[in-house]
Amino acid sequence: MSESANKEDLPPAKKMRTEEGNGHLDDSFDHGTSGTNKSHQFTSFEGFEVAQILNNNEVNGSLAFQAKLKGKEGTAVVVLQKLPFNAEKLPDILTNETKLQDLFENDVYHNKKALLSPELNEVKATIVYPAEEKHILRFEKQESSFVNETPELYREVTKPFIESSSFSKQWIYNILEHKQEVDRIVYEDKDPENGFILVPDLKWTGEQVENLYLQAIIHRRDITCIRDLRACHIPLLKNVLNKGMAAIEEKYGIPSHKQRVFLHYQPSYYHLHFHFTALSFDAPGTWAGKAHLLSSVISNLEVCEDYYQKATLPFTVKDNHPLRLKFEEKGIFSK
């Protein structure tokens, strides 16, 4: 029997608005660590010391850096991201507490810097600790290259890379087994074959539906990515698509035709999962070379039962990604 989270625990639906510009840093590596599962509680940045800047993205207002922690071993990766404005807080901004500083004036145009009070100037902070080299590489600014991955290249390069890599999935299993993030579950279908858990993505604070972003993680553990999908998985895919969209419409008031549902290739971690975003949100990773609409995936499998075993799949890979090195060794990149 499918279960859903209590409606009282969820933020109320708010009027949506169109967002401009890309959202966040690209996902290129799994989120987990292969080390200890100790819990680290951070209530302030006391003791953090900047070791190096990894990525200062002025377009989307994010800053990623590596930090040393006083009295602790290892380092952390910290990502600071400016949050979208909440229109409901405008009356709190339009007071004498908000000071304006001149930048320039020209005719009717007055360009000012607005100094908001701390409670109105929130910044989302994501901390990865202890951070491994893969996390540093993930958030480090890098150029990317296109790979036209044929079925042969998948079998000879990508699949062995996936099988030989020590990507930790424990954080995923903690969610699926209700060991962690239970209070964040938005919806769950417990069916072992076609079921999934729907939770907010780390990129979303859960406060504003205009930049809604959730992930659906399947209960099955034998499907790594889009390349594994066959016609026999269509019931699973349709179940995720239909029940996921229905749960979001019920809880956040966003109808299915206002939602974007897709999966990534390459994915950020190799356990099949899906991304649900508000259509008005220009979400990260929705561009060609990364995202595949779930409805199109279902359609392709209905036309050809082993479509993703036969298709050439283009994707982008960061130039510092270990998978790119494998393709480089294969000689597919021209000098």
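**Charged side chains at the surface and in salt bridges**

In the predicted model, Glu97 is placed in the loop that runs between helix 1 (90-93) and strand 5 (99-106). With a relative accessible area of 58%, Glu97 is exposed, and it belongs to a patch of negative charge on the surface, in which Asp92, Glu119, Glu122 and Glu207 also take part.

The protein as a whole comprises 8 helices and 15 strands, and 46% of its 335 residues count as buried. Among the contacts with a separation of 6 or more, 70% are accounted for by residues 24 or more positions apart. The accessible surface amounts to about 18,000 Å², and carbon and sulfur atoms contribute 49% of it.

The structure contains 17 salt bridges, one of which joins the side chains of Lys112 and Glu105 at 3.5 Å, N to O. Lys112 is partly exposed at 32% relative accessibility, and Glu105 is likewise partly exposed, with a relative accessible area of 48%.

The salt bridge between the side chains of Lys203 and Asp201 (3.4 Å, N to O) involves two buried residues, the relative accessible area being 12% for Lys203 and 2% for Asp201. A further salt bridge is formed by the side chains of Asp306 and Lys310, again at 3.4 Å, N to O; here Asp306 is partly exposed, with a relative accessible area of 23%, whereas Lys310 counts as exposed at 55% relative accessibility.

Terms used. Residues numbered from 1 in each chain as written. Predicted model: local features only at pLDDT ≥ 70, side-chain atom pairs only at ≥ 80, totals over all residues. Heavy atoms only, no water. Helix = DSSP H or I, 4+ residues; strand = E, 2+ residues; numbered from the N terminus. Buried < 20%, exposed > 50% of the residue type's maximum accessible area, 1.4 Å probe, protein only. Contact = heavy atoms within 4.5 Å. Areas by Shrake-Rupley, 256 points an atom, 1.4 Å probe, with all protein chains shown as cover. Patch = residues over 30% accessible without salt bridge, like charges linked within 9 Å, V, L, I, M, F, W, Y side chains within 5 Å. Salt bridge = Lys/Arg side-chain N within 4 Å of Asp/Glu carboxyl O. Lys, Arg positive; Asp, Glu negative; His and termini not counted. Charge placed at Lys NZ, Arg CZ, Asp CG, Glu CD.
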